[in-house]
Amino acid sequence: MDYKVKLNGTEYGLPIVQIKDGLSIAVFDMLSSVKMSQDASKALYEKLKASDIELSKIDTVISAETKGIILAYQISEYLDCDMVIMRKEQKIYHPNVTRGAVDTYTTRNRHYLYLDNNQIPKLRGKNVLIVDDVVSTGSSLLAIESILSEVGANICGKAFVFAEGEAADRDDIIFVNSLPLI
């Protein structure tokens with residue numbers, strides 16, 4: 001059984017997967033489809049254009065790997081600005097990082113997001129737009145916001161393709177569609 005959603009006029013069936021007893025989610029895996037990735041990016045960009053965010057003043061788009069890479073790249077292309085990706089693992093070639101803790105129900109254990117400190121000049125004193133595929137518990141978003149605050153960035157907006165569960169009730173985010181917790 002799939003959960004049906006529309007992105008940029010195209011209907012997609014998201015598989016429903018049980019992640020623990022009594023909780024299933026509709027899985028949005030845009031990494032497996034070029035068309036879905038393009039439609040998600042375009043739908044998010046259209047939602048951003050309709051918002052009150054001054055897109056011409058955005059200096060940097062930031063996201064977390066993995067699915068956020070596609071969105072950050074495409075949205076930064078639309079906005080003609082820079083991008084930064086936070087990593088889910090500290091790389092040997094990033095010896096100096098700023099990190100934030102993340103606890104979600106789609107991962108088994110606490111993990112972290114890592115910002116390569118060489119990227120701080122793209123963020124400090126800059127107008128930054130956070131983008132990602134799905135916001136649910138808000139833990140990843142909180143980690144990104146914490147790191148951005150620590151490095152002196154100005155958060156101008158937070159935009160997602162989907163807001164899952166209670167995240168759809170938030171008034172501080174922009175999202176294309178909502179997804180239920182099943």
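**A walk through the fold**

From the N terminus on, the elements of this protein follow the order β-β-β-α-β-α-β-β-β-β-α-β-β. That comes to 3 helices and 10 strands, where helices (H or I, at least four residues) and strands (E, at least two) are DSSP runs, numbered from the N terminus. The model is predicted: local features need pLDDT of at least 70, side-chain atom pairs count only at pLDDT 80 or more, and totals for chains, interfaces and linings use all residues. Residues are numbered from 1 along each chain as its sequence is written, and side-chain values use heavy atoms, leaving out hydrogens and water.

An open sheet is formed by 5 strands in the order β5-β4-β8-β9-β10, with parallel pairing; two strands pair if DSSP finds at least two bridges between them. At the edges are β5 (82-86) and β10 (174-179), each pairing on one side only. From one strand to the next, the twist averages 20°; axes are lines fitted to C-alpha atoms, for helices over the stretch in contact, and angles run from 0 to 180 degrees between N-to-C directions.

Helix α1 (residues 34-49) packs on this sheet and touches β8, β9 (154-164) and β10, contact meaning heavy atoms within 4.5 Å. The direction of α1 makes about 125° with that of β10. Helix α3 (residues 139-151) also packs on the sheet, touching β4, β5, β8 and β9. Its direction makes about 165° with that of β8.

Now the whole chain. Of the 182 residues, 45% count as buried, that is, under 20% relative accessible area with a 1.4 Å probe, protein chains only. The C-alpha atoms fill a box of roughly 45 × 35 × 30 Å, taken along the principal axes.

Terms used
Buried < 20%, exposed > 50% of the residue type's maximum accessible area, 1.4 Å probe, protein only.
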